[in-house]
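Please keep the sequence and the model at hand while reading.

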Amino acid sequence: MTLAACGGGGGGKGGEATPTPPPSGTAPAASAPIEGASGPKALVIQIDGLTHATLREAIAAGRAPGLLGLTVAPAWTGGRNGTLSEQRTTAGPGWASLLTGTWANRHGVHWDTSDERIDASTPTFFALAHSNNPVAKMSAVTSNPLYPTLLAADVQSGAIATAVDCASDDACVTQRATTAVLAGDTLVLAQFGAPAIAAAREGLRSSGYDAAVDATMASVGALIASANRRQSNDAKDDWLIIVTAGYGLDGYGSASGLQLAENKTIFIASNKALASEPGVGADAPKDDGLTRLAATTDIAPTVLRQLGVAPGQDFEGIALQSRTSLRELTAVTGADKGSIVLSWMLGGDLTAPVHVLRDGKQVATLPAGTTVYTDAIVAASDGVYSYRYTLVAGEARASLSAQIAYVKPATLAPTLRNGLTNYHPLDALPALDVLGASTLAPRAADADGGTLVADDGFMAPYAAKALRVDSRVKNANGTAGYRLMQTGDITANPAVSAFTIGFWVRTDASCSQGVSNGGTVLGNKNYDSGSNAGLVISVWASCELRFNAGSGGTRADSNGYTLSAGQWAYVAMVVDKAGLKMTGYVFDPVKGAQTGSTALTTAITAQLGGLGNGLSLNEDGTGLYYQRWSASPRGAMDFNDLALWNRALTADELASIFKTAKPLSSLIP
């Protein structure tokens, strides 16, 4: 086992000379030895800072002749938005996903810091290949100083025979990786970093970035030529070559870590036709269609299949050689809060049955072509439970983590009829109040962003429609959102000593409305300041929900609640005017029940009616919040079963709404 280092200036650490990269598409001099055992081999080349678009441009312009024989397809990284698999689109998490075929909730690398380590329970493709063939020699040559620490366990175990830290010297990477390839190492991982350094310093459209890309293309071409040279000298050699990137860059050349399409977009190029790699030769999608393509987690199982390692590992990707493709694995809590609904997409050969395993044990065998399965969970008590599911369809095998905030079957509290003043089931438009005591309509007739969506999160037979309010639909003044106008405003009526506002809500896939300055979910105030008169429930960065009330000079806040992006949660604000207390409730299918309270003052309770202009949905009481604060982007929020009571509901009453997933209409004759 060898741990080496080279790089920096004109010589390497320890006296090694820094090599000069060979011309594009050529191998080193013929005097270099060709040694090592014949057989299946893999060369994985990862390039930090090279985008899919830049790679295609370079190939089209003739700047990468050594890559002309490769298929190139867009791919993705960063996990699935709003799920347990979501991870930062930066170097450390991306590198760990390449090595392990899993996302951060499994491999444990969340940040780009030197203290991060891959979880010992999640083996890399080096460890798995070594376990399958202990005499196989494998090498890793890296440029990014962050990566050697993530390989340390494999070096110590002997899985990696030679690990070279080139310390930001890509010429060193070329030289040492070429040596490993020509020596016949079974698995060679070469990582280049010059494009990332140039992009960070000068941007994507700079001469420095172009020069770094050209130099890297020449080095990659040389490595590919070295593998081709071995194969041409030994018919028993069989090389799989994969070229990829660890993360995408935004328009400024930055790896921001966000779940934006440009940061999630990478590429997978290969010297072999891979049956389950879609999008070859195509542009990268700019929307959710990206996750229907291959992912960085597909690389590890693809490499291992090339090396003859038997399937059965716990990867979140598939071997791209598979004739059946298995993509977009999703796990959500069922409407009954007692089941997990799995869904997926199948492609290619659909003749084999689909097997479902939970925590390694088979729970179902489904007919060929099936793409959904509901797994009923039985638990002794309420709580958050985690499971690991594996789906097997023909040659394809992939896993995902799931979590459920399990609740035992419950009944909807009949007392919820008491004190109910306004109730909008939101099953149709226009949205009518069953009690006839309020109206709900667009804030502006020429800015109707309301539509009906089919999935409202309720169990059958109550599932019907829900109201989607899209603040991107606005008029010339920028007005958007919907407004609830009560016949008698319980927030402002001094005769009402307490009230409750409750509703189901689902944000977009990333809670984007709350990115910078927050977005109003429901409110009747000018939200330029939390001190302004009125009340508001708002969403902020990281899907944080906040409850606020103000007098015009003072404020009261209850913060720190969390929504699961893209999933239905029940939210309630309970205001006890007499007791001078405001309590927030959030019942989330993943985060569970969250509650907190804050003290009010008589000055605040006197101003809870806000602007006296109704309660807005997906806007503040002016209908112009997003117009004034454009850093919080406009977007869609879904609402259902909006209700107001002229009393303080109890925690048990509110929990029964969430637990039963039944609309209040089921209580009304």
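## A largely enclosed helix

Of the 13 residues of α6, 11 are buried, so this helix is largely enclosed by the rest of the structure; buried here means under 20% relative accessible area, with a 1.4 Å probe and protein chains only. The buried residues include D170, C172, R176 and L182. The model is a predicted one, in which local features need pLDDT of at least 70 and side-chain atom pairs count only at pLDDT 80 or more, whereas totals for chains, interfaces and linings use all residues. Residues are numbered from 1 along each chain as its sequence is written, and side-chain values use heavy atoms, with hydrogens and water left out.

Helix α6 covers residues 170-182 and reaches 18 Å from its first C-alpha to its last, close to the 18 Å expected at 1.5 Å a residue (the expected span is 1.5 Å times one less than the number of residues). Helices are DSSP runs of H or I with at least four residues, and strands are runs of E with at least two, numbered from the N terminus.

## The two ends of the helix

At the start of α6, a side-chain oxygen of D169 comes to within 3.1 Å of the backbone nitrogen of A171. After the helix comes G184, whose phi is positive, near 85°.

## An open sheet of three strands

Three strands, in the order β9-β10-β13, form an open sheet with antiparallel pairing (two strands pair if DSSP finds at least two bridges between them). Because β9 (324-333) and β13 (372-376) stand at the edges with a single partner strand each, one side of each is left without a neighbour in the sheet.

Strand β10, residues 339-348, pairs with β9 in the antiparallel sense over eight bridges, and R327 stands opposite M345 in β10.

How values were computed. Buried means under 20% relative accessible area, exposed over 50%, partly exposed in between (1.4 Å probe, protein chains only). A polar contact is a pair of N or O atoms within 3.5 Å; within protein, one must be able to donate a hydrogen and the other to accept it, and residues adjacent in sequence count only if both atoms are side-chain atoms.
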